[in-house]
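Dear colleague,

I am handing over the structure below for your reference. Please look through it before reading the notes that come after it.

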There are 6 protein chains.
Amino acid sequence: MIHTILFFFVLLSSYTSYADDLCVADLLLPNTPSGYPCKSETNVTVNDFVFSGLVPGSTINPFNFAITSAFVTSLPGLNGLGISAARADFGINGSVPVHTHDATELLIVVEGQITAGFITRTKVYSKTIKPGDLIVFPKGLLHFVVNSGVGKAVAFVAFSSSNPSTQILDTLLFGNNLSTSIIAETTLLDVSQILKLKAQFNGTG
Amino acid sequence: MIHTILFFFVLLSSYTSYADDLCVADLLLPNTPSGYPCKSETNVTVNDFVFSGLVPGSTINPFNFAITSAFVTSLPGLNGLGISAARADFGINGSVPVHTHDATELLIVVEGQITAGFITRTKVYSKTIKPGDLIVFPKGLLHFVVNSGVGKAVAFVAFSSSNPSTQILDTLLFGNNLSTSIIAETTLLDVSQILKLKAQFNGTG
Amino acid sequence: MIHTILFFFVLLSSYTSYADDLCVADLLLPNTPSGYPCKSETNVTVNDFVFSGLVPGSTINPFNFAITSAFVTSLPGLNGLGISAARADFGINGSVPVHTHDATELLIVVEGQITAGFITRTKVYSKTIKPGDLIVFPKGLLHFVVNSGVGKAVAFVAFSSSNPSTQILDTLLFGNNLSTSIIAETTLLDVSQILKLKAQFNGTG
Amino acid sequence: MIHTILFFFVLLSSYTSYADDLCVADLLLPNTPSGYPCKSETNVTVNDFVFSGLVPGSTINPFNFAITSAFVTSLPGLNGLGISAARADFGINGSVPVHTHDATELLIVVEGQITAGFITRTKVYSKTIKPGDLIVFPKGLLHFVVNSGVGKAVAFVAFSSSNPSTQILDTLLFGNNLSTSIIAETTLLDVSQILKLKAQFNGTG
Amino acid sequence: MIHTILFFFVLLSSYTSYADDLCVADLLLPNTPSGYPCKSETNVTVNDFVFSGLVPGSTINPFNFAITSAFVTSLPGLNGLGISAARADFGINGSVPVHTHDATELLIVVEGQITAGFITRTKVYSKTIKPGDLIVFPKGLLHFVVNSGVGKAVAFVAFSSSNPSTQILDTLLFGNNLSTSIIAETTLLDVSQILKLKAQFNGTG
Amino acid sequence: MIHTILFFFVLLSSYTSYADDLCVADLLLPNTPSGYPCKSETNVTVNDFVFSGLVPGSTINPFNFAITSAFVTSLPGLNGLGISAARADFGINGSVPVHTHDATELLIVVEGQITAGFITRTKVYSKTIKPGDLIVFPKGLLHFVVNSGVGKAVAFVAFSSSNPSTQILDTLLFGNNLSTSIIAETTLLDVSQILKLKAQFNGTG
């Protein structure tokens with residue numbers, strides 16, 4: 001009887017031998033619009049699916065903020081699966097600059113109190129939230145998080161992309177060689193304000 | 001000058017007046033394959049994007065396991081965004097039965113120690129993980145989680161769907177009126193085993 | 001012979017009677033994440049697929065800029081098709097404030113000269129372009145357009161969405177009730193600058 | 001013990017109570033770009049997933065051809081699932097006019113012999129195939145099938161859409177009121193040929 | 001006149017010379033999340049789109065069951081097209097073990113009688129069907145097929161994926177080194193039952 | 001203070017260092033179903049996003065028609081973004097042969113007058129349009145454009161694909177080796193008509 005079952009097992013294998021269970025990123029090959037090419041299944045291990053660094057980052061800096069991310073480039077098992085995660089640590093008065101992502105973000109508070117929100121063309125959606133609370137920042141919308149509690153704050157974050165990009169307003173406007181006159185014309189910020197922030201963010205132009 | 005800027009502001013509004021920033025679920029209307037119809041933006045508030053119940057569930061039951069989920073039906077701001085979350089609490093020796101989802105799951109341990117894994121046709125991918133560790137269960141694959149530490153365990157979970165389904169093996173096989181002979185023929189389980197589990201899961205047939 | 005062909009024609013109709021050629025938006029019903037419900041094909045006319053307003057807008061305002069858009073809400077035949085268009089007119093020194101879309105934008109210059117670009121975390125991509133030139137602003141990236149010629153400028157624009165949203169930095173930050181302290185903390189702008197722009201964009205808070 | 005398992009079963013139900021296993025078409029509501037709204041799960045039966053009409057159609061007509069289709073409109077369980085099926089029967093010398101679909105077609109011969117193919121801008125891909133053979137017509141490409149055997153032929157067909165449209169060249173060009181001069185100008189067909197086919201396909205204009 | 005038409009033909013070729021009609025799998029290159037890289041069109045032949053092996057498999061084994069599949073790995077023209085096919089042969093009392101796919105399956109009976117169904121968290125959907133009947137197994141749901149007729153049975157199957165994976169319960173649970181204690185804890189099966197099936201499916205652990 | 005901001009800037013960079021802003025086509029590598037592999041960001045310049053050839057083509061040919069396209073193969077920044085563009089020039093009496101695309105087309109008239117339309121199984125949708133007018137040709141539908149004005153006509157075109165294919169009826173039917181008997185059988189065209197057009201389009205068979 002065992003013999004025949006094994007026979008059947010081989011038979012089923014022929015059914016499934018071309019199956020496509022996994023596509024773990026081969027990070028040595030160039031990315032594609034749908035994700036990295038798959039590495040050979042013989043080289044895949046459980047460690048391709050485990051990330052061990054979602055620990056507190058150092059917030060000993062003026063912004064009292066640290067972030068650690070588990071995106072496909074450090075967790076190749078996420079390839080093509082449309083999801084990733086990060087941990088955010090806020091010291092006292094810590095905050096994240098306003099920014100957007102090309103993915104929805106979902107933030108779960110695990111310690112402290114934060115005030116978080118996003119902005120649409122018609123309204124500001126903002127709320128002060130605590131451990132056990134979760135807030136959604138829909139894809140593409142400008143959003144912010146500030147530590148509004150008395151102590152530090154910790155949150156876990158998930159994104160609807162395995163490799164989300166982050167557009168931080170300040171670094172985009174003031175951290176490169178975008179000309180001051182174009183910034184002034186297209187933001188209406190004062191030139192003196194632009195120059196002050198360029199000095200802080202290492203911008204030229 | 002203020003006058004002219006406001007004029008411009010109105011002008012830009014005409015540019016954006018049809019914009020499509022949000023599609024919050026109107027849960028009173030029937031769902032569609034892409035998600036619920038959108039409720040009118042005038043009825044949308046920040047509370048459509050905040051879920052306040054990711055607190056510890058009660059694990060005072062024989063399985064020492066509790067789960068709380070934030071899916072689109074309780075968090076309508078997730079509609080159409082392809083992401084959701086949950087919290088899992090494991091008491092001592094707690095575990096989750098083997099199951100699949102139609103979405104990728106990403107599990108972050110925040111307390112205790114668990115042994116978690118998934119199974120493909122060629123291999124078992126399993127690892128014992130701790131706080132700060134994250135494991136990926138790729139879409140559609142059978143997976144399991146057991147509390148392998150000495151105390152309780154807590155995890156946060158994200159899914160790549162705003163309304164993931166869950167296929168728990170035991171409830172599908174033993175918790176309904178699927179005939180015992182079909183189960184026996186298509187699982188090779190002994191009839192006595194099937195009847196024993198049907199008794200436990202309230203199955204008939 | 002005609003008889004038999006007509007017979008065949010009816011026969012083929014049964015083949016195609018459930019076909020799904022079109023899904024023109026019924027704008028009276030609520031939107032869904034994939035687009036509006038389809039109106040009955042008996043109510044569809046060619047005018048659902050034609051937009052007649054891509055004419056020059058008035059640029060007689062301090063920004064010398066006008067925009068006219070053909071999105072699904074004014075061109076219901078675009079429903080579910082993932083594309084739309086607009087016309088931009090720039091007077092002398094006209095410009096568009098920096099903004100993002102949840103869609104790729106493709107801009108074709110038809111008159112005058114503009115300087116246009118977008119910004120990634122590592123670089124500014126910017127170029128001065130003329131009639132016959134086309135520039136791509138990839139989905140989600142902050143971008144700008146200024147009239148850098150001596151006369152007026154005209155461009156046609158296409159978007160990879162039938163209802164793209166537009167996130168204009170200034171209106172998001174200064175045109176609502178977002179609190180000045182949160183703006184200051186998350187942009188590092190000076191409070192005086194924020195208040196000045198709030199006055200211009202009608203912001204409160 | 002049964003008691004506690006049932007307790008657990010209830011507990012798991014809360015985990016899955018919002019799950020989204022099925023979205024069977026409610027054909028009485030308007031379609032959307034992603035498919036029909038879902039009918040209430042309480043009204044869903046196995047018959048929503050079973051189609052019983054893939055039987056031979058009558059080929060007693062000059063084309064010796066019959067088709068029977070199982071698309072979402074007659075098999076509501078296909079809603080949103082991106083697949084459907086049909087059966088084709090060819091009498092002696094039967095054929096299908098050249099046409100395209102907005103979906104890939106996969107044709108399995110079960111009886112007789114056919115010659116089938118599709119056409120790209122560079123090449124004709126055509127082959128004579130028999131029972132046990134399958135041919136792929138990639139999405140959007142013009143294709144044809146002729147019965148090239150001595151007897152009748154039967155095939156089963158699957159489409160990568162739950163409601164594929166069919167663009168039959170002859171009915172599009174000659175079966176409506178498209179003006180003869182536009183047809184002549186844009187196909188280079190002779191007017192006499194156009195008028196002859198319009199007579200056969202009931203066209204006017 | 002011919003000359004000028006040819007001139008036009010060349011002209012149109014420049015219009016279409018970059019067109020993207022086909023993307024036939026180059027199976028020698030690594031797969032990606034969207035499918036295999038395309039082989040050069042000059043190497044594509046009609047045989048990339050034809051599969052000639054959907055013939056009866058041998059059912060001379062204890063399960064009286066055979067399956068033959070035409071997935072992208074044996075039919076490279078399916079690449080990126082989201083569809084594939086298979087043939088299933090059931091001897092007397094033959095059956096397929098319960099399993100899931102990451103794709104919808106559509107099964108057409110061509111000979112004999114089968115009883116087939118799928119299971120959701122709330123209900124079993126099952127029906128006895130015959131030639132001319134078709135049943136849908138929605139994506140991700142556990143399903144089964146048993147030969148319930150007096151003779152053999154034959155079916156053709158289509159999947160909404162060009163390379164569907166198959167999760168067979170028995171091989172996942174009992175055909176590898178998944179530890180007996182984890183299986184027992186997460187399925188509630190008796191250890192003796194687990195060991196019996198591991199013996200049959202060659203499992204260890 | 002600058003020091004600390006720079007420190008923060010580096011910190012944020014670690015947040016964004018894996019970000020995925022762009023995927024510009026590496027045209028030297030094989031295409032995939034989702035687009036070309038991405039070239040290294042260090043090799044990307046603004047010229048990957050700018051196309052400078054949307055100038056009038058020569059219409060000095062019997063069809064008085066010219067087309068210039070900006071698809072991903074000449075504008076690699078379009079890769080994976082689902083949009084592209086073209087310019088069409090029509091001389092007096094110029095026209096485009098009937099054809100289909102695997103993408104929606106959106107045509108904006110900028111000079112002259114055209115009559116354009118598309119055809120569904122139930123109706124012809126056609127209209128005479130002028131500068132400032134835009135017409136939509138939904139994905140997959142047969143469509144046509146004729147210059148119906150007294151002078152020349154110019155249009156800009158956008159497609160909902162970065163590499164749309166074009167199926168021109170005449171070249172598919174008469175510009176290759178498709179056998180005359182198959183064409184006759186599956187189009188009902190007269191053999192004399194087929195041979196006449198094969199002569200014009202260089203067809204054999």
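The notes below cover conventions, aromatic pairs and disulfides.

This is a predicted model, in which local features need pLDDT of at least 70 and side-chain atom pairs count only at pLDDT 80 or more, while totals for chains, interfaces and linings use all residues. Residues are numbered from 1 along each chain as its sequence is written, chains are lettered from A and ligands numbered from 1 in the order in which they are written, and side-chain values use heavy atoms, with hydrogens and water left out.

Aromatic pairs

Rings of Phe, Tyr and Trp (its six-membered ring) are taken as a pair if their centres lie within 6.5 Å; planes under 30 degrees apart count as stacked, over 60 as edge-to-face and the rest as tilted. By this rule there are 30 aromatic pairs over all chains. One of them is the edge-to-face pair of F71(A) and F159(A), with 5.7 Å centre to centre and 85 degrees between the planes. This pair links distant parts of the chain, 88 residues apart: F71(A) is in the loop between β2 (65–70) and β3 (84–90) of chain A, and F159(A) is in strand β10 (residues 153–159) of chain A. Strands here are DSSP runs (E, at least two residues) and helices likewise (H or I, at least four), numbered from the N terminus. Both F71(A) and F159(A) are buried, where buried means under 20% relative accessible area, exposed over 50% and partly exposed in between (1.4 Å probe, protein chains only).

The pair of F118(C) and Y125(C) is stacked, because the ring centres are 4.9 Å apart and the planes are at 20 degrees. F118(C) counts as buried at 0% relative accessibility, and Y125(C) is buried with a relative accessible area of 1%.

Disulfides

A disulfide is counted here as a pair of cysteine sulfur atoms within 2.5 Å. The whole structure holds six disulfides over all chains. Among them is the one between C23(D) and C38(D), with sulfur atoms 2.1 Å apart. Its torsion about the S-S bond is about -90 degrees, so the disulfide of C23(D) and C38(D) is left-handed. Both C23(D) and C38(D) lie in the loop between α1 (2–16) and β1 (50–51) of chain D, so the pair ties together parts that are 15 residues apart in sequence.

Another disulfide joins C23(E) to C38(E), S to S 2.1 Å. C23(E) is buried, with a relative accessible area of 17%, and C38(E) is buried with 12%.

Yours sincerely
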